[in-house]
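Student: I would like to go through this structure with you. Could we begin with the helices?

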Amino acid sequence: MKVKAKEKNGVVTVKVLIKHPMHTGLQRDKKGEVVPAHFIQFLSASYEGQQVFKGELSGSLSRDPFFRFSFRGEKGKKVELSWVDNLEKGESKAVDIK
Amino acid sequence: MNRRQLIKRLALGAAALTLMPLKALAAWNQKAFHSEFVDPAVEGLFGSKDAKPSVEIELKAPTIAENGALVPITVRTDLPNVTRIAIAVHENPRPLAAAFELSPLSVADVATRVRMAKTTDVTAYVESDGQLYSVTQQVKVTIGGCGG
Amino acid sequence: MKPVIALAAALLATAVQASPEQDISEFQAYYEKRFPAFSLNEYVDGAYILPVYADGRAQWEEVEEFPPYEANVEAGETLWNQSFANGKMYADCFTAPLEKIRASHPYFDEATQQVVTLEYALNNCRKENGEKPLKWKKGPIADLSAFLAWQSRGQKIDVKIESEGARKAYEEGKQFFYAKRGQLNMSCADCHVYNAGNKARSEVLSPALGHVSHWPVYRAKWSELGTLHRRYGGCNKNIRATPQKAQSEAYRNLEFFHTAMSNGLEFNGPGYRK
């Protein structure tokens, strides 16, 4: 997961990019077999112990999904992101707000 | 970390806002996301399919998408107290693409990239002060001629 | 008598055949004349510089805000820093500093008398260290290539064609570029030189100048990162010609010529395209 968090005029803009196939479970591969569903279901962000953003997601999002969201916050503090997919794999990362 | 730990973490983050049963928070809204049509999907998500068209929502989407696999979408609004924003791609096999939950600290401005099976309407839904609003735009999806 | 004839023959040969420097100069001058609005280095952004693509460019810029290939660069960096089973690392195979590795490819290797592209060098490195080769068109090789391309952003393209062997490879690549092929009987030049900026079906044909600067590319069409030779194969298939194998001699020679034509422009990979 790549995260960029920048503050300007009291607003923190967070950009997230996650390498993930986002398979819907509706596609077939070259052999004609169904590619099993494998996509990120939840992405959440917290700042100073509060959830500032939560995404409930689906395979209708592009592969290697991107998200951008904003909230009122301060430079120097941290924003923590977590995601989990339908196969219960996930990742967490905390970044400094620049 | 495993799902249980992660869900617990998400729940702790949300605990400051509401007291939702852990199970409800953990369950992905399959009913809404697997719905084949927009209305039941929206109803499954918001509890109602009646959204008021609003000119106060800015839906930024290309008129003609370069490639249906990656269509950049931004939803912005100055409507007050936005709690949720959702994006639906009408003629996708499963129209509901994403549902975003905001907080009192949030600025109502979200962006993502969607997959579009074909030319169809894209609707952005905004839940503000308990009311549901929407704006719709058609996005054309062409099939490029020079693949490989 | 013999030496004089040989010299005369040699002089005649060089007089008839333009030097690579002349080719490059003419090639670049052609585009300057065709599209007077653009400076040479702008061509590294491909068809998106053309006014007819304004709408597409806007979407491209939106994606470039946080392009998907950044995740590949990160994955590539992890791979680059992983040692082989024998303890050696990729860096041990390259003499150039990190920011110049991608920029120093493709080059003509005198010892083996063949063109070495970046991906070819990476797999050679693996082979020399007892590792299985990576697939050529996507996956880890593309990630490694993306990481190295990222490091070489801003470096000048400067293919050297100094030996007889290099010249031969260059001429073969040039021949490939201008030769008609496939059921549609078209050459690379037909689309990307003589019809650059024109439409083919719903697509705008990109100029060949600047073509190689931004590889590997995350193509929305592939929904993933792919290498230049993957695109060469795809392009050949489009004109219903049998594609060559990725990293075959033909495609390596083509890349050699193709890259030389952009000498003086800057590398700006990896790239994003629709």
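Student: How are α8(C) and α11(C) oriented to each other, parallel or perpendicular?

Tutor: This is a predicted model, in which local features need pLDDT of at least 70, side-chain atom pairs count only at pLDDT 80 or more, and totals for chains, interfaces and linings use all residues. Residues are numbered from 1 along each chain as its sequence is written, and chains are lettered from A and ligands numbered from 1 in the order in which they are written. The axes of α8 (residues 164–178) and α11 (residues 249–260) of chain C cross at roughly 90 degrees and come within 7 Å; the two helices are therefore roughly perpendicular (65 to 115 degrees).

Student: Which residues of α8(C) make the contact?

Tutor: Among them are C:A169, C:Y170 and C:F176, and α11(C) contributes residues including C:L254 and C:F257. Two residues are in contact if their C-beta atoms, placed from the backbone, lie within 7 Å.

Student: Changing topic, how many residues does chain B give to its contact with chain A?

Tutor: Chain B gives 37 residues and chain A gives 34. On the side of chain B, β7(B) gives the most, with 8 residues.

Student: What does β7(B) join in chain A?

Tutor: Strand β5 (residues 66–72) of chain A runs antiparallel to β7(B), joined by 4 bridges (strands pair if DSSP finds at least two bridges between them). Within this pairing, A:F67 stands opposite B:T112.

Student: What is the average pLDDT of chain B?

Tutor: The average is 86, and 78% of the residues score at least 70; pLDDT is the predictor's confidence in each residue, from 0 to 100. Over residues 12–25 of chain B, the pLDDT is below 50.

Key. Axes are lines fitted to C-alpha atoms, for helices over the stretch in contact, and angles run from 0 to 180 degrees between N-to-C directions. Angles under 35 degrees count as roughly parallel, over 145 as roughly antiparallel, 65 to 115 as roughly perpendicular and the rest as oblique.
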